[in-house]
Amino acid sequence: MENTIKEQQLDLFSDRTSASRFDANQLRLLFSAFASILFDVLRRTLVGTRLARATAGTLRLKLLKIGARVTVSVRRVKVAMDSAHPYAAAFARAHVRLRG
C-alpha cells in the first residue's frame, strides 16, 4: 500500500497542490486519481508481459512517451510507429486488448 501511495505522489503528481484556490487543487487530485485508474487498467491488459507489474512512471516512459507519425483522415486515425521500438509488441497487445 505504501508503494501505491508513493507511486501516486511521484509518478502521477498528486502531491502538487500549489495553486492558491481549493478548486484547482481538488481538480488536480481528481485528474491524478483518474490517471491512477487508467494505469491500473493498462497494467491489467499487459498481463503476461514484463510490463505487467511496472510502475506508472515506467509505463509512461516505455509505452506512452514514444514517437509516432499520426495521420488523420475522414474515416480513421493511423498511427505509424517505428518498427524497431523495443516495446512494440507490448504496445500492440495493449491496443488489441483495450479495443475489446
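A residue is called buried when its relative accessible area is under 20%, exposed when it is over 50%, and partly exposed in between, using a 1.4 Å probe and protein chains only. Keep that in mind as you look at the views below. This is a predicted model, in which local features need pLDDT of at least 70 and side-chain atom pairs count only at pLDDT 80 or more, while totals for chains, interfaces and linings use all residues. Residues are numbered from 1 along each chain as its sequence is written, and side-chain values use heavy atoms, with hydrogens and water left out.

View 1. Helices (H or I, at least four residues) and strands (E, at least two) are DSSP runs, numbered from the N terminus. Along the principal axes, the C-alpha atoms fill a box of roughly 45 × 35 × 25 Å. Of the 100 residues, 23% count as buried.

**View 2. Ser-32, a residue of helix H2 (residues 22-45).** Is Ser-32 buried or exposed? With a relative accessible area of 3%, Ser-32 is buried. Contact here means heavy atoms within 4.5 Å. Leaving aside neighbours within four places in sequence, Ser-32 is in contact with Gln-8, Leu-12, Phe-13 and Ser-14.

**View 3. Tyr-87, in the loop between strand E2 (77-81) and helix H4 (88-99).** Tyr-87 also has a place in a loop and still counts as buried, at 15% relative accessibility. Which residues does Tyr-87 contact, leaving aside its neighbours within four places in sequence? They are Arg-50, Leu-51, Lys-62 and Leu-63. Leu-51 lies 36 residues from Tyr-87 along the chain, and their C-alpha atoms are separated by 9.2 Å.

**View 4. Strands E1 and E2, joined by a hairpin through four residues.** Two strands pair if DSSP finds at least two bridges between them. E1 and E2 run antiparallel and are joined by five bridges. Look for Val-72, which stands opposite Val-77 in E2. How many of the five residues of strand E1 (residues 68-72) are buried? The number is zero, so E1 lies largely in the open.
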